[in-house]
Amino acid sequence: METKSIRVAKGLERVIVDDTAISSTDSKGNLVYRGYKATELAEKKSFEEVAYLIAYGKLPKKAELHEFSSQLIKLSRLDNSTIRLLKSISGNAPKLDMLRTVISGMPLEGNDEHKALQMAARMPALIAYNVKAIKPMKSKNANYAERFYNAITGIEDKNLAKYFEKLLILYTEHEFNASTFALMVTASTLAGPQAAFTSALATLKGPLHGGANSEVLKYLLKFKSKEDAIRFVDKKLKAKEKIMGFGHRVYKIKDPRAQFVKLQLRTLSKEKGMYALVEYAEAIEEEMWNLKRIPANVDFYAAIYMYLLGIDEKFYLPIFAAARSFGWIAHYKEQVASNKLIRPDSNYIGPKGLKL
Ligand code: CMC
């Protein structure tokens, strides 16, 4: 008997493909991690607490947090074969390509859950490998965000690392985004966590997804005035070109992450005495809303935020990856715990009946 397939929207737009207990979003601008508002978590919790919440489904008790934090440090250490693999990759390779290659090839230990945590825990060390002129941290009790921030900037500053931590928290999880969905597809074939993380990293790279944050910085740095910024928007829209850092598949009014980072930027820019980029950004956001009703997404304000935090642009996308890897742990587990091969049907429109 022939079974009938159903046609769904291109790009799976507004199509619900499965259940998840990890996070939820809606078009009005809500983002909830395991029942808690993501922005409230960013305000009040540490990265370790949120990563634990995402990966294991509940906020950790004191002893669990201590154990998890120690495990992240322990698992972040790079073994000799991983270092050899890192050294074999050209120093000019984009950081995300390096990360994807090493993640796909480094030796991992234990069961699938342990392997996934090991990959996530190692990402900051992999990203920061070969960063020059970094002094060892004075603080013995530095947390994940402080260590990560220090490893890529050389700055040891609790206040700035706290800003960085909030962004990490907002990047941690985002239900069935493209990279997570790629991870789910790979996980559904039972290829294992290393293959699934590799798919996710490869998918995150594109400018329609994680690659947007560095693209934003590239154009913002060219402006000399607010008028330049507005002219840029008008010109791009006239040419029917996309402006990176705007638009979202789910958020049609506001991206809560972008609005949170924008508020943080008001104090960060005061502390740093750097106002120009924020001024241009707010002008662009207003112009985009007035002309197209398209809201800024997280990558728009994240780019300026990271710039003000003194982070080199080459790290922007890998930072997104490192934070999101804790969401990937959760989605990997969720997929295999209730697995069904993800394999859609197609509608053939090519030639038929050709003879050789
Ligand atoms: N600049 C100008 N116009 C835009 C933009 C933009 N950034 N985004 C969407 N539009 C227009 C688009 O041209 C289309 O117009 P029309 O209906 O006249 O053809 C309409 O809005 C719908 O856009 P779409 O591309 O069909 O929407 P989508 O849901 O398929 O795409 C998106 C979402 C994020 C890929 C898209 O908004 C985009 O390309 N944005 C720029 C890249 C970007 O900033 N990506 C980061 C996303 S947030 C971080 C993450 O989670 O990855």
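Helices and strands here are DSSP runs, H or I over at least four residues for helices and E over at least two for strands, numbered from the N terminus. Val17 sits in the segment before strand 1. Leu12 is found in that segment before strand 1 (23–26) too.

A quick word on the model. It is a predicted one, where local features need pLDDT of at least 70 and side-chain atom pairs count only at pLDDT 80 or more, while totals for chains, interfaces and linings use all residues. Residues are numbered from 1 along each chain as its sequence is written, and side-chain values use heavy atoms, with hydrogens and water left out.

Back to Val17. Its relative accessible area is 39%, so it counts as partly exposed; buried means under 20%, exposed over 50%, and partly exposed in between, with a 1.4 Å probe and protein chains only. Leu12, at 35%, is partly exposed as well. Together with Ile6 and Val8, Leu12 and Val17 make a nonpolar surface patch of about 360 Å². Patches are built from residues with over 30% relative accessible area and no salt bridge, joining like charges within 9 Å and nonpolar side chains (Val, Leu, Ile, Met, Phe, Trp, Tyr) within 5 Å. A salt bridge is a side-chain nitrogen of Lys or Arg within 4 Å of a carboxyl oxygen of Asp or Glu, and the areas come from the Shrake-Rupley method with a 1.4 Å probe, where for residues only the protein chains shown count as cover.

What does Val17 contact, leaving aside neighbours within four places in sequence? The list is Leu12, Phe176 and Phe181, with contact meaning heavy atoms within 4.5 Å. Val17 and Ala330 are 313 residues apart along the chain, and their C-alpha atoms are separated by 17 Å.

Now to the inside. Phe164, in helix 8 (residues 158–171), is buried, with a relative accessible area of 0%. Beyond four places in sequence, Phe164 is in contact with several residues, among them Phe148, Tyr149, Tyr305 and Ile319. Glu146 belongs to helix 7 (residues 144–153) and is buried at 11%. Not counting residues up to four places away, Glu146 touches Met137, Asn141, Lys158 and Ala161.

Helix 5 (residues 95–105) has buried residues too: Lys95, Leu96, Asp97, Met98, Leu99, Val102 and Ile103. Their cover includes helix 4 (80–87), helix 6 (112–128), helix 10 (193–204) and helix 16 (316–337).

For a helix pair, look at helix 2 (residues 47–56) and helix 3 (residues 62–76), which pack at about 95° with axes 10 Å apart. The contact involves Glu48, Glu49, Ala51, Tyr52 and Tyr56 of helix 2, and Glu64, Leu65, Phe68, Ser69 and Leu72 of helix 3. Axes are lines fitted to C-alpha atoms, for helices over the stretch in contact, and angles run from 0 to 180 degrees between N-to-C directions. The two helices are therefore roughly perpendicular, on a scale where under 35 degrees is roughly parallel, over 145 roughly antiparallel, 65 to 115 roughly perpendicular and the rest oblique.

Last, some backbone. Most residues other than glycine have a negative phi. Arg34, however, has a positive phi near 50°, and lies in the loop between strand 2 (30–33) and strand 3 (36–37). Arg293 has a positive phi of about 55°, in the loop between helix 14 (276–292) and helix 15 (298–308). Arg34 is partly exposed at 22%, and Arg293 is partly exposed at 49%. Thanks, everyone!
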